[in-house]
Amino acid sequence: MAMLEIRDLEVYYGMIQAIKGISFEVNEGEVIALIGANGAGKTTTLHTVSGLIAPKRGTVTFEGNDITKTPAHKIVSMGMAHVPEGRRVFASLSVLQNLKLGAYIKNNKDEIEESIQMIYHRFPRLEERKNQPAGTLSGGEQQMLAMGRALMSKPRIILMDEPSMGLSPIFVNEIFDIIKSVSASGTTVLLVEQNAKKALSIADRGYVLETGRIVLEGEAQKLLDDESVKKAYLGE
């Protein structure tokens, strides 16, 4: 059984259908890349999976539980975390305060402190800047903070929406290295990313989304070698 199963999902914004009956699955331990052009429905898909948007039809099943109508905060407590597009850190709060907000479902102070130390170990720059307001960090550092905050809940699966957007090439490489290490430590990853080449280079499998439909799927390397994918998404 897949860890995450999406079946026949349809999502509307008013009269406009954004997602048109997509189905896909994510197995435990995988990195899955969801790629496609702007407006293809990638972010809407993540928002629906994590409970921020209610679908009109279809189901979302997480570890055998139907979570289609489950509120977002309850989905977090079930073991799913979401790193939103645009980072969305709390600019006026310190780095440490932002991290602690990621552990709002935890009550054990020792466990929270252990999680903070784990995040500092993975993101040394966040420890260096722990007392700085998050709004003073660079874009890449804010992305690290958004990822660290999501990892504070110790999720079994993490959804990442455009983690490389707006970052310098050096930070892009660093962020993808971090995603690989998150996966290697046992967390399943569903990755939405416009940098299709980078996403597929670290993924196990991928799905190509076009105007609300999945038009191609397969092993990441096969998608990287696919001529239509190269032409449309890889700039080759």
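**Aromatic pairs**

I went through this predicted model for ring pairs and got a count of 1 aromatic pair. The partners are Phe-24 and Tyr-207, with ring centres 5.3 Å apart. Stacked, edge-to-face or tilted? Their planes make an angle of 50 degrees, so I logged the pair as tilted; the tilted class takes what is left between under 30 degrees for stacked and over 60 for edge-to-face.

Phe-24 belongs to strand β2 (residues 16-26) and Tyr-207 to strand β9 (residues 205-210), so the pair ties together parts 183 residues apart in sequence. I checked burial as well: Phe-24 has a relative accessible area of 2% and is buried. Tyr-207 also counts as buried, at 2% relative accessibility.

**A charge over a ring**

I then looked at Tyr-12. The charged end of Lys-56 sits over its ring, 4.7 Å from the centre.

**Lys-42**

Is Lys-42 buried or exposed? I found it buried, with a relative accessible area of 5%. Lys-42 is in helix α1 (residues 42-49).

What does its side chain reach? I noted the backbone oxygen of Gly-36 at 3.0 Å, and the backbone oxygen of Ala-37 at 3.1 Å. Leaving out neighbours within four places in sequence, I listed the contacts of Lys-42: Leu-34, Ile-35, Gly-36, Ala-37, Glu-162, Val-192, Gln-194 and Leu-209.

Ile-158 touches Ala-81, Val-83, Ala-150, Leu-151, Val-182, Thr-187, Thr-188, Val-189 and Leu-190.

**Gly-39**

Last, I checked the loop between β3 (31-35) and α1, where Gly-39 is found. At 72% relative accessibility, Gly-39 counts as exposed; the cut-off for exposed is over 50%. How many residues separate Gly-39 from Thr-211 in sequence? I got 172, while the C-alpha to C-alpha distance in space is 6.7 Å.

Terms used. Residues numbered from 1 in each chain as written. Predicted model: local features only at pLDDT ≥ 70, side-chain atom pairs only at ≥ 80, totals over all residues. Heavy atoms only, no water. Phe/Tyr/Trp six-rings, centres within 6.5 Å; stacked < 30°, edge-to-face > 60°. Helix = DSSP H or I, 4+ residues; strand = E, 2+ residues; numbered from the N terminus. Buried < 20%, exposed > 50% of the residue type's maximum accessible area, 1.4 Å probe, protein only. Lys NZ or Arg CZ within 6 Å of the ring centre and 35° of its normal. Polar contact = N/O pair within 3.5 Å; in protein donor to acceptor, adjacent residues only side chain to side chain. Contact = heavy atoms within 4.5 Å.
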